[in-house]
Amino acid sequence: MRVVIAEDGLIVREGIAGMLRHFGHEVVAAVADAPALLAAVAEHRPDVVVTDVRMPPGFSDEGLQAAIALRAADPDLPVLVLSQYVEQTYAAELLDSGRSAGVGYLLKDRIGDVSEFVDALVRVAAGRTVVDPEVVRQLLGRRRDPVQRLTPREREVLSLMAEGRSNTAIARALGVTEAAVAKHIGSLLAKLDLPPDADDHRRVRAVLAYLRG
């Protein structure tokens, strides 16, 4: 993959770049602020973008706003946003950008697990939706009324769905058959008043949008 990285911290930026190169990916640009990110994407047309939420000059949400602007210009551009904390508003804005497919929101702690981080980036680049499990947990906790109707197994399946896992991956993670996973998904979507959808990305987006309330 050809990757553009935007992160104002030099050590983190170089660490991510080195990690991706180690796995055979090409880092075409590694920049420190939002204007440089926009310019780098225009120049290099990468396969995927990795950006921090907070960057110069204001250290508020410049990285996120740049990511949303990029996806407005190119709805198919995969973007993985990194955040220091669980910020539900930022996650919601990102998921609502572009066509929803090919987006990710991870906590920076995930960078420490190299294989998990690279796997998440590959899934985002392939057009999947990846949301940090901790974000999912907090979103689930906010809406008790519909979610409390789910069984413990359905909650597990919902969490893995929101991480962008395929039915095959969910079955492997839970040690059940794909048929069982499909049955759980149909059941939980019905309990949440969400119609089943063949498009995984729209399904995840719909579930998260509902949980955001």
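**Notes on the predicted model**

1. In this predicted model, the axes of helix α9 (residues 167-174) and α10 come within 8 Å and cross at roughly 105°. Angles of 65 to 115 degrees count as roughly perpendicular, so α9 is roughly perpendicular to α10. On the α9 side the contact involves Asn 167, Thr 168, Ile 170 and Ala 171, which meet Glu 178, Val 181, Ala 182 and Ile 185 in α10. Sorted by class, the residues where α9 touches α10 are five nonpolar, two polar and one charged.

2. Helix α10 (residues 178-191) also packs against helix α8 (residues 152-162). Here the angle is about 95° and the axes are 10 Å apart. The pair α8 and α10 is therefore roughly perpendicular as well. From α8, the contact takes in Arg 153, Glu 154, Val 157, Leu 158 and Met 161; from α10, the residues are His 184, Ile 185, Ser 187, Leu 188 and Lys 191. By class, the contact of α8 with α10 has five nonpolar, two polar and three charged residues.

3. Ile 185 of α10 deserves a look when the two contacts are viewed together. It is listed in the contact with α9, and Ile 185 is listed again in the contact with α8.

4. Where does Asp 132 lie? Asp 132 is in the loop between β6 (129-131) and α6 (133-142). Is Asp 132 buried or exposed? Its relative accessibility is 0%, and residues under 20% count as buried, so Asp 132 is buried.

5. What does the side chain of Asp 132 have beside the backbone nitrogen of Leu 107? A polar atom of that side chain lies 3.0 Å from the nitrogen. With neighbours within four places in sequence left aside, Asp 132 is in contact with Tyr 105, Leu 106, Leu 107 and Arg 110.

6. Some totals for the chain as a whole. The chain has 11 helices and six strands. It contains 213 residues, of which 48% count as buried. Among contacts with a separation of 6 or more, 67% join residues 24 or more positions apart.

Definitions and conventions:
Residues are numbered from 1 along each chain as its sequence is written. This is a predicted model: local features need pLDDT of at least 70, side-chain atom pairs count only at pLDDT 80 or more; totals for chains, interfaces and linings use all residues. Side-chain values use heavy atoms; hydrogens and water are left out. Axes are lines fitted to C-alpha atoms, for helices over the stretch in contact, and angles run from 0 to 180 degrees between N-to-C directions. Helices (H or I, at least four residues) and strands (E, at least two) are DSSP runs, numbered from the N terminus. Angles under 35 degrees count as roughly parallel, over 145 as roughly antiparallel, 65 to 115 as roughly perpendicular and the rest as oblique. Contact means heavy atoms within 4.5 Å. Ala, Val, Leu, Ile, Met, Phe, Trp, Tyr, Cys and Pro count as nonpolar, Asp, Glu, Lys and Arg as charged, and the others, Gly among them, as polar. Buried means under 20% relative accessible area, exposed over 50%, partly exposed in between (1.4 Å probe, protein chains only). A polar contact is a pair of N or O atoms within 3.5 Å; within protein, one must be able to donate a hydrogen and the other to accept it, and residues adjacent in sequence count only if both atoms are side-chain atoms.
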